[in-house]
Every structure is written in C-alpha cells, then in structure tokens.
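Subject: Structure handover

Hello,

Please find the structure below.

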Amino acid sequence: MPKDSIIYIIKTMKQKKKIYLDYAATTPVDPRILKVMEPYFVEKYGNPSSIHSFGQEAREAVEKARNQVAEFLNCKVSEVVFTGSATESNNLAIRGLLKALKRRKRAGEKVHIITSQVEHKAVLETCHDLEKDGVKITYLPVGRDGIINLDDLRAEITPETDLVSIMYVNNETGAIQPIKKIGSLIKEINKTKEHPIFFHTDAVQAVNWLNCKVDDLGVDLLTFSGHKIYGPKGIGVLYIRTGIPVSSIITGGEQEWGLRAGTENVANIVGLGAAVEEIKKHKEKMFRKVRLLQEKLEKRVLSIVPKSRVNGPQNFKERAPHISNFAFEGIEGESLVISLDLEGIATSTGSACTSRLLKPSHVLMAMGLPELEAHSSLRVSLGKFTTAREIDIFLKTLPRVVERLRKISGR
C-alpha cells in the first residue's frame, strides 16, 4: 500500500469517534474506581508488610478490599487470595492443588483432572503442560451450543479424579455452563468417594452479570480478574474454600496467607475492591440495559446481513448478556475485524489471548463448526458504557463492510 494511502487511513481513523465493542477482552477503568486508587500511587505508598504507620495504612486498605471481595462472594475473608491476574489465579488453583495433593497421595496413585474443550487458554495450556508430567487430563466435549453434558461429566469421574475445572461463562460465545448443577453433582458423588473431588470455576466473564456466591454455586475454588470488571489490569483473585489443600507456586515471602509471595499491589487491590462494590450497586440495572442492547444487536444483524448466524446457545437465558458471537459466510473473521477497525469500531474474533494466532477458534471447533466457518466468526462484546447509538452505528456499518469483503473474496 502506498505511503500516502497509509497516512490517509491513519488520519481518517483519528478523525472518527471510536466505538469500543470488545469489553470481553478488557474494560476501561471506571473513573470512580480510578479516583479511589489514586492516593495509593503517590500519597499512601507504604509496603503493607511494614509495621510503621505508612505500612499499616496500606495494610488497612488491602484488608478493606479483601473484605469487599469476601462479601461479594459470600465467603470468609481468609478464603480470599490476591494474585497478579486471573491466569495466575487459575495456575495457583490447579497447580497449587495438585502440588498439595501429590504430597498426600500414596505411591502409584495418579492425579486426574476433568476440564472442558472450551476453557480459556489459562486453564487449557496449564492442563496441557501438566500432561507432560504424567497428570491425566480429561477434556469434556460440548454440544453445538458450547455447553457440556452433565452425563458426560458423571461418566468420566473415576476413583482417581481429584479436580473438575469448568469455566462459568465462555469468553468467546458467552455460553453459561451449569455450574450450580455441577457443584451439586460433585457433592453427591463425594458422599461415597474415598478421596473428595474439588471443583474450580474460572468466573472471569461471569462476575459482572451472574450470581457468584460460592456456596450457591458449590465451588471450592473460583477465579476472576480486575480488568474485566472496570478495575485495573494486573490484579486477580483466587477464592479457596477453607480446608482445600493448595500449596504456593511462587516462593518468597509470606504474603497472601503464604500462598502468593511478593509485595501486594496496593493500588490495584484497592481498585478491585472498589470494582466489586460497583457491581453490587448496579448489577441488575446493567444486566437489563446490556441484555436489551444484545437482543437488538442480534435481531438486526440476522435480519440485515444475509447468511449470518449466532454461534452458541440460541436461548438468551443460556448466554451472558455481553457477548454475541456471529458467523458470516464467505468472510474471514480477521479481515472483518481489521475492516471494522478502519471504520473506528473495535471488535474481535475471539479471545484476546489468542487473537494473534491465525488459527480457528478452539471453542468454535469444539462446538462442531467446520474450520472455514470457525474462521468467519466475529465477537461483539458490550459493556456498561455501550450506548444504543454505538449499536446503531455498528449496524449501519457492518452490512457495507461484509458486502465489500464478500465481493473481494468472490464468495
């Protein structure tokens, strides 16, 4: 492309009001949350492990946030561990549990984990890595709706099964897994099992919208992150039910109950605490608002763009309100994302963690989509700052872009 053309495109993009429809990848920090965080960067900068007043001021802020998270999850304060991200939380939950269990197991006893084929890479790649060390991993299939079958889970459980890890809401399709039913099933099986099965869920995409009270769900371990709930990047949470054996995987100091060495990121912890407080205040209102936008978006896209469909559950009740995954026949998803970006609209083809890989979505492939169809996907994800006008602009732009790309591809 000539240099003049590139300059023209950049200038055109700068002139347009940008529209962000990729909230499942990350969210902007809510200005109210940023305001709460600001003093801990410059004024209240003490190390929470220090015994002087600066340190104790920081410790008080950390423990206030821990109480806020505990209240949100309806758990004990001592069951909340702060980490650097949801990925780290998932690793600590899985690797930390297995590390503790191996110390308890008798010679010859194996470790067995059951997960699903549609998990986030933070769980899948951790499991793939553990397989190299001889850990047995079972990857449950999903239906065309992206949801696991409870009978499949029951059939795969053996006396050796130690952990079931199933995500709450899928980050690419928004499909909601039956976490509460899984929790009840595991509780039932544990009544007659010599060694208990522990249950972990990655709740990153659920926290904004769904019930995450751990006793209601029946989970032993739950993870989420700050940057998906209008808090800062670089902070995550791991809930660990009292009595669940988890060993540290990062050695050093005794921070976070001895499970996560390293000086606490006070400002980010404060921001995460403030973020869950905002969710508590506005969850129902935000759910209704975003669901209405999602329904409008999907209904209009399917009516104005020929040969389009929604991937995932067709029943809105089985999907979170912020994620819509579309397939457009005859178009590559990457080309569509780039074309929309040139129009000032940010979307994605799936998980932000794998968006640079020119491979079809492992989630859509697991759902039974042919490779060509999986390549044609577009994820549109909404948030609390999304407006009806932004959806209207997207709906006005999309058909034109799709038609142009189809002409180019000749399909």
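The notes begin with the conventions, then turn to the sheet, the helices on it and the cores.

This is a predicted model, in which local features need pLDDT of at least 70 and side-chain atom pairs count only at pLDDT 80 or more, while totals for chains, interfaces and linings use all residues. Residues are numbered from 1 along each chain as its sequence is written, and side-chain values use heavy atoms, with hydrogens and water left out.

Helices (H or I, at least four residues) and strands (E, at least two) are DSSP runs numbered from the N terminus; two strands pair if DSSP finds at least two bridges between them. The sheet is open, with seven strands in the order 2-8-7-6-5-3-4 and mixed pairing. Strand 2 (80-83) and strand 4 (136-140) are at its edges with a single partner strand each, so one side of each has no neighbour in the sheet.

Strand 3 (residues 112-116) and strand 5 (residues 161-165) run parallel and are joined by three bridges. In this pair, His 112 stands opposite Thr 161.

Helix 4 (residues 53-73) packs on the sheet, in contact (heavy atoms within 4.5 Å) with strand 2, strand 7 (221-225) and strand 8 (236-240). Helix 10 (residues 266-304) also packs there, touching strand 2, strand 7 and strand 8.

A nonpolar core is a set of buried (under 20% relative accessible area, 1.4 Å probe, protein chains only) Ala, Val, Leu, Ile, Met, Phe, Trp, Tyr and Cys residues joined through side-chain atoms within 4.5 Å. The largest has 92 residues, and Phe 82, Phe 224 and Phe 328 are among those with the most contacts inside it. Helix 10 gives the most to this core, 14 residues.

Regards

How values were computed. Axes are lines fitted to C-alpha atoms, for helices over the stretch in contact, and angles run from 0 to 180 degrees between N-to-C directions. Buried means under 20% relative accessible area, exposed over 50%, partly exposed in between (1.4 Å probe, protein chains only).
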